[in-house]
Each structure stands twice: as structure tokens, then as C-alpha cells.
Amino acid sequence: MPSLTLNGVTVNFPFPPYDCQKDYMGKVIECLQKKQNGVLESPTGTGKTLCLLCATLAWREHFKDTISARKIAEKLNGEEMFPNTPMSSWGTAATDGATPTYYTDIPKIIYASRTHSQLAQVISELKNTSYSPKVCVLGSREQLCINQEVMRQESNHVKVHMCRGKVSTRSCVYYNNVEEKSTDKDLVKSILDVEDLVKFGNKQRVCPYYLSRSLKQQADVIFMPYNYLLDPKSRRAHNIELNGAVVIFDEAHNVEKTCEESTSFDLTPYDVASAISAVDRLLVEQSKEATVSEDFNIETLNSGLKVNIETIAKIKQILLDLEAVIDSYDVPSEKGITKSGIFIYELLERVHLTYNSKTAVYEALEQITGHLSGQPGIFLNTSGLQKLADIIQLVFCGEPSEKDRQQQMQTNTAHFKVHIHRDKSYHKKPQSTDVWASSSSKKQGNILSYWCFSPGFSMQDLVNQGVRCIILTSGTLSPLSSFTCEMRIPFSVSLENSHVIERDQIFVGIIERGPDGVHLSSAFDRRFLPENMASLGNTVANLSRVIPDGLLVFFPSFPLMEKTLDFWRANGHADRIENVKPMFVEPKGKGTFKEVIDGYYNKVNDPTSKGGTFFAVCRGKASEGLDFADTFGRGVIITGLPFPPKMDPRVILKMQFLDEMSRKKTPGLKYLSGQEWYKQQAFRAVNQAIGRVIRHKEDYGAILLCDQRFKGSGARAQLPSWVRPYVRQYESFGNVIRDVSQFFRVAQKMRPVVAKKAAVQSCGTVCSPDTRSSAFPPGSSSQSAHTQKAKELDTHLPSLKRRRLNEHSGANGMAKICIEYECEVQESQKRPANLLDALERGDHCGGEDDDAVVGEEKADRLSTLSLQCDKRMDDEMRGGKRKIKLVQEQKSRVSEDVSGEGSSRSRVRSFLAEMKKSLSQFNFDRIIQALQTYKKTDSLDVLLTEAAVLSEDANTHCLLRGLYQCVRPHHKKRFDEKCQQLTGQGCGYKPNHSLSVDEKKALMLQSATASQPTVGLTSSTWTSTCSQLNTQQLNKGGLHLKQQGPRDPQTGSASKRNVPAAFLADVKKAIGAEKSARLFQAIQSYKKTDSYEELVTTVVSLFTERDEDFNLLIRFSMFIPPRHKKQYEEMVDALIGQSVSAAEVPAASEDHQRQGSSSPPLKTQRKISSFFSRSQRK
């Protein structure tokens, strides 16, 4: 591995570095040696993460070596150990001059990035270096906890308190193993990210969360999301020691926003009301226990609660006073009331919250929240109590003495504003009859906001903790002067790095007018003018003809993009673009993003197409880190400047705050004006979007700025330094087309790319081009397996994994099965309901021609979906179901005379082959071992524990649901519920899936011999129901399963509703909407509380008022889980007077019930009366 010396430090680098990489590493080492803060910008594609890691770790090793040299020198008393290498040449630059230094003084490296997915990429890069430091990655319980009881909780802070309770009582088996496993040699020496930690925890049955905290003590490098570092509460919770540490913020263009948000809060009426409700419940509980303790002379009956009832009452009084004080302000409906930051102390003092009382109140809130969170049964919202505790920590930070308290309060609030405004969310507090309740709860309340307007507040807090230095780095920090000005701390070292590309690889043009001569502008007064939208549509349509392959079009906001696209559709512009490059539109929600982006990649890779157009928004998901390398992003069009919403109260107050600070002219401090900050926000978002186009040394592309406001010299100065030299300004659109065409003709000749290959593998697999990573230049000698892997696009994009085509085939021919996670949009493909569906999937993917057609159809259909932006996407974002038309088979079905058993085995084999292709060998072996254990022991818990690894990544959710086919009938419902809980989507469970083969045969036999159906069912309905369970039909897989459902052999009519749907429809028809709502509410409550008695009381009262509703009571058993099934059937048997089993009662319409139902005998009525009288006595 090549090495180079920078500032006296020897750095091992995976390949000979570029000049810009040497410059970058030199600046990093300068920051570390001189204890100076640095702000370093290096364009995307220059390998800045690798440079940052290598330079930092090389300096740390040099620091350690220098300490060793000093100690040796002390032992030798001035003599030289090596005559040719005097001790003085070993260097002292790494350590702190003449100050005595020890091994314990070697600084820890705290490496922070925006998200865990970005940290996973950083850790992946670390594995490609020659350095092997002890590392630790910090995460939340949400990501690291593997205790299923804790993870079932709905609220994050409830999980926190339940976890703490289990740890304090040592009732968590995973936590109890932490001390033993934390010294495991393989663990300490390994470089693990969050996913690896969870795998290790599941394998060794040890808590990954506390394991990571244990590893932190000995770690050389600690990785964490940067909100853990900037939020004082998170920093205390994770016990992060900053004294002497080197702090690195990667992807730091978002640090400013995170700094402000981590020290701000919004207290809504709903928060206060929920806190009062929670305290009310505790007061009632404690008063009852106090009564019992008086009667029995017991001091206390509750466990764990260390506050008395008087303290609880005081907390409630504080909450009521707080509610009254906030609502006492008469707020103008639009603007709200703004006060200086110091006002927060005045307001809280009115509710008896001061520096003197804050500790007692905070500890009481923590006790109450922990006690309520640990209670079993119905979920209680304690988020309001938790928010108040967080507010106390934030506002009353520090422990000043009486004389310094006023100064501390001034310092704490200098960068803040208090804003009181109307609550427009309309959260209604449940009306209470409590005499303590404030009258303000009956009206629309106010929101108390405490907003930070300077990221410097958090940065200065870090400096005050004694850090050695802070390094901020990103690809888009320009303009650096304004960025550093916002941070309020000195940055002595700065760098605006050049790119690794040549002049012929980038084209930058400012397009002032469209083809029709109309000025292009997204300014507020022009953005929706028809002539402006038409001119922009013509511009994009014409550019799409001359830009090859993939084209990215960024809009300032979602509303502007949606209205513009609607105009283009109505006036033919969309058709012009679609005919050349099919259009794909970034959705607002996360649910369909992967499907749309995969459709775009498919279309760009299609050799028969001219590429695709992806429409997105600045600051959206597509602009913040997705990799559009090579053909996926040959051009970026910016349609306007994405200024923040100017009428937003927070934006208005931010600008006012900056203007106030500028007018003060504090010596040594320079503030941006409000208008300068406003412009900076827009250009930083533009620069981030621009960074999508050039991703490595051999990439090339065009950047087109389609807004006349870019032509000003001030605007051009805001662009990245590597872009500015290449900017051209055009007044004539014809010249743009001429120059862009010429640019791509030359670029394609000088840098030809591998011709596209048809998508010949299954499931529309995307063939990613063999992109060259910036970290590995051509001709590099570092061509080992792990460095080659880093070149793959999917290495840098775990969320968009794409399998390489035509890989080596194994002896068993598995190379033909290449799965892309959640590759098909069709619901039947994504969520196989039974063994047959997966077998049919295998049949679909059998031939190369079919795959090419299916892949093309999928890309076309996705393009239509995304272009329309229709109701289906909105429905899914609201949690609704998507209605997706199933695509018919492209080939005639192969022979159907295969036995059911054979087809089942074939489908399982296909599924396992797909899973093996998609998972690492370690994970695949774990799943197989779990399946074998499940087969032997029939223990579903073992399978669920091991399969939980598939729920960690949305890309593997379909594999988790695919395991449904391997689960035995009596476990299918539970497995379906678990999938719903873990992934938000079930496996398509139906009641008949729980029937064993013998039960199905018995059911068919009974239907054949029965002359009269049970409980008044006609024979036609009974036969129809049995036909649905015909196992021969299920195994052969007729077309009826894919299109219209099973047919009635006697009547030929299609069964349009499944059993639960038919039942619910009959219930509404029989008992009316109001009572149906009561029933549904009881079912939902039962799911949460598992209170069987409450459910049965409601069900019996609704279904026994009329004789003809008795059948509904019997059929309701389909909703009863196995643990209560027997109890329910015994109760029904007692009421009816005869034995009734759930399996004996198929779905029947009310008309059929009326034809054959008869009144229950009189003794049934007597038993009903007896049942209710017993319930009342209870």
C-alpha cells in the first residue's frame, strides 16, 4: 500500500493519491497538530471520506509513536538508540510540545455524520484501509435493542424507561451478558457498524445497545449521528466525553440546521393535556393504594415509585398553571407574539419552575414517567411529561451560583426567541370532569415555541467541553465565509478543494430564456405564469433530446413541481418529454420512492431506450446523497432558486435575529444579514443538487441553470469553486443546444462507456455500469477483491442494491435466480400468499425474452405512475392500500399436472435460492439453521428471533414475508402479525391458511356428505365455501387465483369478498353503523390490551339482541386468536346449546342466513340472561 509523508506524518493510502487528496489530507493534519478548527470543502467524487480517515488515523499513530520515543529517550538518558537516526528526528509535532504526555492522553476521534446509513458507508471505507483501530458505533435503542418485549412498545421514550427498568432489576437476559461478552477478542478487534452489532447481539444473546456503550470506553474512534453530539440531552444520555477529543463532522452542510433544532422546542396544548391526563391516572392509582394501605397498615403497595402523592399533586398543579399561562396570551391569528429569549425564565417562574426548583421537578417527572411506562396493559401517552423534563434540562442548563445566575440566564438565551402562536393542528384534549381542570382546555390553545437562531450556541458548547479541534467537511459548504460566520467559533484552517476532473468533463450553462424567448424565472411573481411554465417545458423537452441517457430535473419545492407538471400534461409538454425520455417523479413519501427510482434505473439501462428523466426537488431525498453516476446522471437541470418559505414565522424571526445581531456590531464578531442568510440557504440547496452529476474521475455531465437570476455576479459567486471556472451565460437558446450537443459528442468519443446490456435476469434486475470510484484511479495497483468491491455503485448505495448480471453460476445453476429486493411492483409478486404464488413467480422468470419484456413493461408502467402523481401515491402516504393491476403472463403456462407436493418443494427451493443470492453467507446460514430448528422443535420463537435480521433493512422485508410459506398452518396467523409489526405489511393471512391438510380434507368430506348445512346455511353456500378450500385447485394454481378468486362450481358466480370482509359487511347490515363502530372499537382495544372479558361482553351484547344475529356470534370466532379460541367456543356452545366450531361456520350472506336460520330454543335465552347476570355480579 503506497505511503506518503505530510507535515512529518506518514500516511498509508490505498493508492497513489491525487494532488487534491494530498492537499485535503495536509489540511486535516494541520488542524490536528495545531489544535485548530477547520472547515474543508472537497467535491463529491474526490474521495474525501477515505482521505479524512487515513489522515486522522495516521496522525493518531504518529502521536502514539512520539510518546513512545519520548519514553525511550528518558530511559536512555540522552544516548542515541540508533546512531544513524537521532531521537530528535522522530518528531514532536504530534504531541503538545514540552508538555508531558502519556498514552492515556492520546485523543479519541469522534466521527459524526448525518445518518447511520452514511456512517455505514464510512465504516465500509475504513475496512479498505490498512488501519485497524478499535471502533465503536453509537445508536439508539430503536436501532440496537433486541429485547422483543421492549421493541413492541409504541413510543420511543416508553422503550427507554422500560429498558432502564429491566436493566436496574437485571431482568433482561441480553443485558446480563454484556459484561462477559464485551471483552470478546473477536468483537474488540472487529470493525462493526450498527447492522453488524445487531447480528452479533442476536448470535451471542447480548444487548447491542449496552455493548456499544461498553466498547466506547476503549474505542479509538467513535462513530455517531451528529445529533447525538449536538443535542445536550443525547450527549448526557450516551455519556460522551469530549475533553481532548478530535470532533469531525462529515456531510456538515446540515450541521447548522441540526444545531438549531437540537436546542429548540415547541410545547403544544396536546403535550400539556396528555401530561395532565397521565398524572391524573397516577393520582387516582395512588389514592386507591393509600386507602388500602391505611386499612391494612401497610406502608406502601406500589413498587419503584419514589415520590409521594403530594409531589404528584404539585406536578399536576405546575402543568395546570403552565397551560393557563400559555393560553392567557391573546394571540393574533396570523403573526403570533414574539419575546426575547430571556422571557422564557419569566414565564416558567410564574408556574414555579426556577433554578432552585428545577432539580426536584425534573427528578419527579422522571420517576412518574418511568413508573407509568413500566405498567403493563393499555398504552398510556407519557410524551408530554417527557417533553417537559427535556425542556427543564434545556432551559436550566448549567449550575450557576446565586450571584452568577442572571449572567448565566443572559448567556443561555442570547441566541433564542420565545414565540407564542395559535395551535392549528386542532388536537383536542379529552374533556374531563376533574375540578382541577382549567377552563382553557375547552378552547383552542396556544403553542409555546423556544427557538434557537444560531448554530454557534451548540458549537460554543462543544468548545467549552474542551475538545482538541473541530473539523467540518462536506462537498457543499460554499460560500465558506458565510458558513463559518454562522458557527460563531474561529476556523483557522479552511480549504475549497478543486475537483479531479478535466475541463472537457463538465459543461455549465446559465439559460436566461427559453426556446420561445420568454425569460425563465421561479420568482414568486412569475413561477405560475402560463408563459413561464410553457417556456420551461419547451426548454426541458429540447434539452432531453440532446442530453444522453439519464437526466435529472430539480424544482425548488414539491408544490411548484406538481403544478408545473400538471400544466405540462395539460398542454402537451409532458408528452414531448415522455416520448424521448420517460418521466419519473420523486414522491413525497418514502413508501414508493424505491420503486420509482428503480424504474428510472431500469429505463436508463434499457438498450432500446434513450434514457429517462427524473424529476425531484432540492433538499429532497434524491438531492441528498443518492449516487447518479455515469449514465444515470448525464445532465442536471436546476429550474429555480429554492428559497425558504418567506412567510414562515421561524424564517421571519431568523432573519430579524440576524439583522439585530448585525446592527450591534460586536467587536471581533461578524454576522450575516437576514437577506444574506436567506440567499445562502437557497444556493446551498442548489449546490447539493449540482453535486449529483459528477461522481468520479472518469464521469462527465452537464449542469444547466434555468433561471435568469443565476446570471448575476453575486449568484455565480455562490456556486462551488470547482464549478465557477466553467460557467457560460447564454441569451440565445439555439447556442445552448449547439454547445451541449458538441460537448456530449466530444465526451462520448474521449470517454466511451460500455454498451448497455439487456435486462435478461429475473424480476427486472438492474445491470449497474462498471463505474470507477473516485477512490481508485485507473491503473491503480490496488485491485484486490475488497477494493474492487468499493467500485460498485451499490457499495456506496446500500438502499439501492442492484445485483450484477451474468455472474459465475454455481454447480446447482442458481445463477439464473437473481433477486432484487422488492423488485416487482405487483402486489402478488411482493407479498406471496402461499406456495403457489412463488412457484408462479419462478415460472414468470424462466426465460430471457420474457424478462426483457417484463422489465420494459415495469419501467414504462412506473413512469406512468410517477408522472400522473395520482391518488394511489397519496393513498399510500396516508396508509391506504394501493390497487395495482396484475400483469398477465407473457408465456403460456408450463405443464400443470405437477403434484401439489412437488410444486411446493420447487417453490421453496426457488425462494431459498433467491434468498441465498440476496443475503450474506453468514445471514443465510443463520436463517437455514433456524428453519431446521423450527422443523424439529416446532418453536416459532426461534425462527422469529433469527429472522428478525430481515426486518432491519426495508430491502429485505420481502424475504421476511417470503418465509411465510415455510411456516406451519397453526403458526401462520402469528407470523403474519409479527411481519405486520416489524415491516408494516402482513403476509396476506386468511383464516383458511390456519387449517391443516387433514382439517381441509375433513371439511371437504363433511361438505360432500352433509344434507343440511349447519346453522341455517343453504347447500349452495356450503359447497361454495368448501370449493374455496379445494387443495387440488390450490396446488394446481388455476388462473382464478390470480384474477377473480375461486369460482362456485354450482352457480358459477365469483366470490367477490373474502371471509372477514363478508363478515364485516354482514355485521354492518345486521346491527347498523353505530353498533358496528362499537364492535370495531372493542376489537382495536382488544388488540392493545388483550382483555378478552371486555371484548366478549361487547360482542355478546351486540349479537344476541335478535335471534337472526346469532350466526354472527358464531362466525366472530375468526377474529379470536388461538390462545382464547377454546374459551370463546365453550362460551358460544353454552349460549347456543349445541357444539359449534369455528371451522363449521363459513362466511354466509345475511340472505342465506335468513333462509335457513331458526330461532334458538328458549333455554338459550335463559343462558344469555344467566351470562349477563354473572357479568354484572363480577
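**Reading helices, a sheet and buried side chains**

Author: The side chain of N687 reaches the backbone oxygen of Q718 at 3.1 Å, a polar contact in the sense of a pair of N or O atoms within 3.5 Å, where within protein one must be able to donate a hydrogen and the other to accept it, and where residues adjacent in sequence count only if both atoms are side-chain atoms. This is a predicted model, in which local features need pLDDT of at least 70 and side-chain atom pairs count only at pLDDT 80 or more, while totals for chains, interfaces and linings use all residues. Residues are numbered from 1 along each chain as its sequence is written, and side-chain values use heavy atoms, with hydrogens and water left out.

Reader: Is N687 buried or exposed, and which residues is N687 in contact with?

Author: N687, found in helix 28 (residues 674-690), counts as buried at 1% relative accessibility, where buried means under 20% relative accessible area, exposed over 50% and partly exposed in between, with a 1.4 Å probe and protein chains only. Helices (H or I, at least four residues) and strands (E, at least two) are DSSP runs, numbered from the N terminus. Leaving aside neighbours within four places in sequence, N687 is in contact (heavy atoms within 4.5 Å) with T476, S478, Q718, L719 and P720.

Reader: How should I read the packing of helix 6 and helix 18?

Author: Two packed helices are described by the angle between their axes and the distance between the axes. The axes of helix 6 (residues 156-168) and helix 18 (residues 358-373) come within 8 Å and cross at roughly 90°, which means that helix 6 is roughly perpendicular to helix 18. Axes are lines fitted to C-alpha atoms, for helices over the stretch in contact, with angles from 0 to 180 degrees between N-to-C directions; 65 to 115 degrees counts as roughly perpendicular. From helix 6, H157, V158, H161, M162 and R164 meet E366, T369, G370 and S373 of helix 18.

Reader: What does K166 touch, and with which side chain does K166 make a polar contact?

Author: K166 lies in helix 6 and, at 13% relative accessibility, counts as buried. Not counting residues up to four places away in sequence, K166 touches N147, E149, V150, S171 and C172, and the side chains of K166 and E149 make a polar contact at 3.0 Å. K166 and G374 are 208 residues apart in sequence, yet 9.3 Å apart in space, C-alpha to C-alpha.

Reader: What should I make of the phi values of R488 and D630?

Author: Most residues other than glycine have a negative phi, and most peptide bonds are trans. R488, although not a glycine, has a positive phi of about 65°; R488 is found in the loop between helix 22 (480-487) and strand 13 (493-496) and is buried, with a relative accessible area of 11%. For D630, phi is near 55°, also positive, in the loop between strand 17 (613-617) and strand 18 (635-638), and D630 counts as buried at 8% relative accessibility.

Reader: What is the strand order of the open sheet?

Author: The seven strands have the order 16-17-15-18-19-14-20, with parallel pairing, two strands being paired if DSSP finds at least two bridges between them. Strand 16 (583-585) and strand 20 (727-730) are the edge strands, each pairing on one side only. Strand 16 and strand 17 pair over three bridges, and the bridge partner of M583 in strand 17 is T613.

Definitions and conventions: Parallel < 35°, antiparallel > 145°, perpendicular 65-115°, else oblique.
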